[in-house]
Amino acid sequence: MEIGRSYWSDDLKKSITFKTPVRISVAELEHQSETPDAEPPAKGRLRRALGMS
């Protein structure tokens, strides 16, 4: 994309134009949410074997 600016120069008696190239970047922002609470692991064979209830 280009951004242009023009103005009249009284000294030169003509229009002066400046053009500047610019880059536009677009990113997708994610809404920050609260971290969910941890759940205890499901009871399985390993927990029973180690005596954990």
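The structure holds 1 aromatic pair. The rings of tyrosine 7 and phenylalanine 18 form a stacked pair, because their centres are 6.1 Å apart and their planes stand at 20°, under the 30 degrees that counts as stacked. Please keep in mind as you read that this is a predicted model.

**The aromatic pair**

- A pair of aromatic rings is described by the distance of the centres and the angle of the planes.
- The two partners come from distant parts of the chain: tyrosine 7 belongs to strand 1 (residues 2-9), while phenylalanine 18 belongs to strand 2 (residues 14-21).

- Serine 9 is placed in strand 1.
- With a relative accessible area of 9%, serine 9 is buried, because buried means under 20%.
- The side chain of serine 9 reaches out to the backbone nitrogen of leucine 12, at 3.1 Å.
- Leaving aside residues up to four places away in sequence, serine 9 touches Lys14 and Ile16.

**Lysine 13 in the loop**

- Lysine 13 sits in the loop between strand 1 and strand 2.
- Most residues other than glycine have a negative phi.
- Lysine 13 has a positive phi of about 60°, although this residue is not a glycine.
- A relative accessibility of 60% means that lysine 13 counts as exposed, since exposed means over 50%.

**The chain as a whole**

- The chain has 1 helix and 2 strands, and along the sequence they follow the pattern β-β-α.
- How much of the chain counts as buried? Of its 53 residues, the share is 4%.
- The chain has an accessible surface of about 6,000 Å², and carbon and sulfur atoms account for 53% of that surface.

Conventions
Residues are numbered from 1 along each chain as its sequence is written. This is a predicted model: local features need pLDDT of at least 70, side-chain atom pairs count only at pLDDT 80 or more; totals for chains, interfaces and linings use all residues. Side-chain values use heavy atoms; hydrogens and water are left out. Rings of Phe, Tyr and Trp (its six-membered ring) pair if their centres lie within 6.5 Å; planes under 30 degrees apart count as stacked, over 60 as edge-to-face and the rest as tilted. Helices (H or I, at least four residues) and strands (E, at least two) are DSSP runs, numbered from the N terminus. Buried means under 20% relative accessible area, exposed over 50%, partly exposed in between (1.4 Å probe, protein chains only). A polar contact is a pair of N or O atoms within 3.5 Å; within protein, one must be able to donate a hydrogen and the other to accept it, and residues adjacent in sequence count only if both atoms are side-chain atoms. Contact means heavy atoms within 4.5 Å. Accessible areas come from the Shrake-Rupley method with a 1.4 Å probe; for residues, only the protein chains shown count as cover.
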